[in-house]
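Welcome! Below are some questions of the "how do you know?" kind, each settled by setting a value against a definition.

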2 protein chains.
Amino acid sequence: MSQLTASPTAHPAERILLGPGPSPVPHRVLRALSAPTLGHLDPQYLAIMDETCAMLREVFRTKNALTFPVSGTGMAGMECTATNLTEPGDEVIVCVNGVFGLRMTDVFERCGAVVHRIDAPWGEVFSFEQITAALEQFPKSKIVAIVQAETSTGAHQPIEGLADIVHARGALLLVDAVTSLGGHDLRVDEWGIDAIYSGTQKCLSCPPGLSPVSFSERALARMDARKTKPQSWYLDVSMLRKYYTGGGGGGRVYHHTAPINMTYALREALTIVLEEGLQARIDRHTAMHQRLRQGLTELGLSYIPSRSLHSLNCIRIPDGANDAGVRSRLLNEWGIEIGAGLGVMAGKAWRIGLMGHGSSARNVDLVLSALRTALK
Amino acid sequence: MSQLTASPTAHPAERILLGPGPSPVPHRVLRALSAPTLGHLDPQYLAIMDETCAMLREVFRTKNALTFPVSGTGMAGMECTATNLTEPGDEVIVCVNGVFGLRMTDVFERCGAVVHRIDAPWGEVFSFEQITAALEQFPKSKIVAIVQAETSTGAHQPIEGLADIVHARGALLLVDAVTSLGGHDLRVDEWGIDAIYSGTQKCLSCPPGLSPVSFSERALARMDARKTKPQSWYLDVSMLRKYYTGGGGGGRVYHHTAPINMTYALREALTIVLEEGLQARIDRHTAMHQRLRQGLTELGLSYIPSRSLHSLNCIRIPDGANDAGVRSRLLNEWGIEIGAGLGVMAGKAWRIGLMGHGSSARNVDLVLSALRTALK
C-alpha cells in the first residue's frame, strides 16, 4: 500500500473555504478534534456533551431541554425533525424557494406525510400573507416547514412573527437554520420556533459531521403523543433524549456510539462563538457581507437574492465568464474555494460564503482581488 | 464562558479503551483527523474518498463497487442496509441472540417489513440448520439478517457457507460486522454476503462517526428494482452511490456534506490496517484473545459465549464482586475502560474489548494485573 501512504492526498491542502460550506476551521478546533478518544459513556465525555448542549442552547437562544447534536450532517438533522414530528397521513406545508425547501418535500413525503408545497421564485422569500393563505387553504396542516437560510440561492427568509400565524392554526413551526446558526440573528424561544436543525460546518466553523437540533415543549408534546414509532431508529428522539439529556424517564441510557471527537470539536467551536460573543459574531458577519457587497458591486457583479444572507453571497455569473474556469483558477492559483450554482442555479450563479472563522476582512479583500484578476 | 474553557473537560483523559468500543485510536489517526478541512467537492477530497473506499474494499475482501462509509455511526449503517433493501410488506428473517439482533428487528419493522424473528440463547450462535428451517417455514423471506460479532454477548457467529443456503431460497444475506471488521476473518465476496455494515471505532481503531458498508451486485439489483423510495433520504443508496462512486449514471453528484475530517481519519486507520497486513492483524487479535483468556482462566473468570469473539471478551462477573465498583476502580486507578453488561447481561457480565490498536500484549497484561488487584 506504499502508493497510498506516499500519495499527495495524505496531506490535504490549506484551502481558504469561501464556498457554501464547509467553512474554514480554526486551528483550536482542529486541535480539539485530535484529543484522545473517550468512551461514549465515560463520565468525562458525558460532561463534555452536557457542556456542548448547554452552549448550543446559548447559540440557539433557547431554554429547550431537548437541544443536542444529531450524529450526522445537516441533512440528518432535517430528517430527524421531520421523522419525529410526522406520522403517516399528517398534512404538512413546505415552503420551497430553493434546493433545501425542495429536499424537505422529499423527506416529508418519505415520512408518509401529505405535503402541501407552496413556492416562491428561487432567490425570493415568502411573505407571511402567502403562508397564512396556505394555512387557510390547508387547515389540517400540522407543520409549517421553512428555510431561514436557503443555501442554494442565498435568500434570507424572515422568521420573526411567523410562529404567531402558525401556532394560531395549531401547527408547529419547523426551521432550517443550517447556514444561519452562529452567523445570523436567530432566536428560537423569542420567535416561537418548535423544531430547528443546523450544521456544524457553516457559521460555527467546525468540521462537518454533526447537526445541532432543538425541539420546543410543544414539539415534545407532539412527539410524546405519537401513535406510531418514528420510521428511523437512528434518529428517534424518544430514545436519543435519554442519552443526551437523561430525559423521558429512566436516566441516561446508551443509544448509539456518539461521534466522540466531533463532539470535542463542536464544544471548542461553540466556546469560540461565546468568547467572541454571539451578537458580536453576528455583527461581524453583517459587516463582512457589506464589505464584500461593496467590492462586488465595484466589480460590476450583482446579487441573485433580493434579500441576501450575510453568510452566503449568491451572485450572477457575468456574461462571457467561464463558470468552471474561474472557479478552477481561484482554487489552483489562490487556493480559494467558492461554490458553483446548485439546482436551477447551476451555471448561472457563484456562491461566496463568509461563514464563521471565514468571515474576515482578509478573506473578503483576497477573494475580491482574486476575482478581479480571474475575470479580466 | 470562562468556567467552560477552564473546565477539566477541555482536556480529555488518556484512557485505555478496553470496552466494547470505541477502541484506542493511534496517534497517527488523531493527527490525520486534525488536517485542514477540505470542501466535500474538492478534487483532492474526492481522491481521498476514492482511496478510502478502495482500502475499505480490501478490508472487506470485496470487489463491490458500492463500498463506502455512511455518514453516521454503526447503527446508521444498520439502518442504511435495512431501509434500502426493504419495501413495505417484505418478509425478513432476523436472527436474534443479543442486543444488536434485537435492534435489527426494530429497525426492519420501522421499514415496514414483516419480521420473522428466530432466537438463539444469548451467548450462543445459530446453527445453519436452524436458519434453513426458518427459510423453509417462511419461504417468501427476502432477507436473512444476522450478526457476525454480537457486541452484547461476545458471541462469534459463523458466516461462511450460510450464503449458499440463503441464496438457494432467493433471499439476500445481510451481516452486522460492527465488531469484527479488521479484527476477524471476514470475506464478503468469498462468503457471498450481499449487504454488510460496520463501525470505525472497533477493530479499525478510528474514532466513531462513520459506518463502512458494502453491497453486492445482487443487492444493487434488488435496490434498482424498488417500486418505492427508501424511507430515509439521508441513507438513500440510489443517491449516495452517485456521490461516493459516480455510479448510477450522471457522474459524481452532491448529496450531503460528508464528514471530511472523519474521512481523513478513516483513510489513515485503513492505511495502518493494510500496512500491518489484514491477515497479520487478524492473527494478532487471535493471539491476544488467547493470551487474555489464559490469564482470565488463571484468575478463575469464565466466558459467557461458547464461541467467543477475539475482539470482545464477555465474561461472567464472579460471585461477590461489585460490578460498578470494579469498573470504577479500573477507570479511576488505571484509566482503563471495560464495558458493563448490556440488555439481559446487565449486572452479569463484563466486556473486555481487545480491538485494533488496543489488542496488544501490554494492554492484556495490564488489564489482567488490574483485575487481579481489583478483585482481591
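Q: What makes S8(A) largely enclosed by the rest of the structure?
A: This is a predicted model, and in it five of the five residues of S8(A) are buried, so the strand is largely enclosed by the rest of the structure. A residue is called buried if 20 or more other C-beta atoms lie within 10 Å of its own. A:Leu172, A:Leu174 and A:Asp176 point one way from the strand, A:Leu173 and A:Val175 point the other way, and all are buried.

Q: How do you know which strands S8(A) pairs with?
A: Count the bridges, since two strands pair if there are at least two bridges between them. Five bridges join S5(A) to S8(A), and three join S8(A) to S9(A). Both counts meet the cut-off of at least two. The strands run parallel in the S5(A) case and also in the S9(A) case. To find these pairs in the structure, look for A:Val147 opposite A:Asp176 in S8(A), and for A:Val175 with its bridge partner A:Ile196 in S9(A).

Q: Why are S2(A) and S4(A) called edge strands?
A: They belong to an open sheet of seven strands with mixed pairing, in the order S2-S10-S9-S8-S5-S3-S4 (chain A). S2(A) (66-70) and S4(A) (114-119) each pair on one side only, and that is what an edge strand does here. On average, neighbouring strands of this sheet are turned by 15° against each other, direction ignored.

Q: Which strands does H8(A) lie across?
A: H8(A) (residues 217-224) lies across S2, S8, S9 and S10 of chain A, and runs at about 110° to S8(A).

Q: How do you know that the length of H5(A) agrees with what a helix should span?
A: At 1.5 Å a residue, the twelve residues of H5(A) should span 16 Å, and the end C-alpha atoms are 17 Å apart, which agrees. Buried residues in H5(A) include A:Phe100, A:Met104, A:Val107 and A:Phe108. Their cover includes H4, S3, S4, S5, S6 and S8 of chain A. Just after H5(A), A:Gly112 takes a positive phi of about 85°.

Q: Why is B:Gly335 called partly exposed?
A: B:Gly335 has 14 other C-beta atoms within 10 Å. Buried needs 20 or more and exposed needs 12 or fewer, so a count in between is called partly exposed. B:Gly335 lies in the loop between H12(B) (323-334) and S12(B) (336-337). Leaving aside its neighbours within four places in sequence, B:Gly335 is in contact with B:Ala13, B:Glu14, B:Arg15 and B:Ile16.

Q: How do you know that the copies meet through the same surface?
A: 100% of the interface residues of chain A are also interface residues in chain B, so the copies meet through the same surface. In numbers, 62 residues of chain A are in contact with 62 residues of chain B. On the chain A side, H10(A) gives the largest share, seven residues. By class, that side has 28 nonpolar, 22 polar and twelve charged residues.

Methods. Residues numbered from 1 in each chain as written. Chains lettered and ligands numbered in written order. Predicted model: local features only at pLDDT ≥ 70, side-chain atom pairs only at ≥ 80, totals over all residues. Contact = placed C-beta atoms within 7 Å. Helix = DSSP H or I, 4+ residues; strand = E, 2+ residues; numbered from the N terminus. Nonpolar A, V, L, I, M, F, W, Y, C, P; charged D, E, K, R; others polar. Axes fitted to C-alpha atoms, helices over the stretch in contact; angles between N-to-C directions. Expected span 1.5 Å × (residues − 1).
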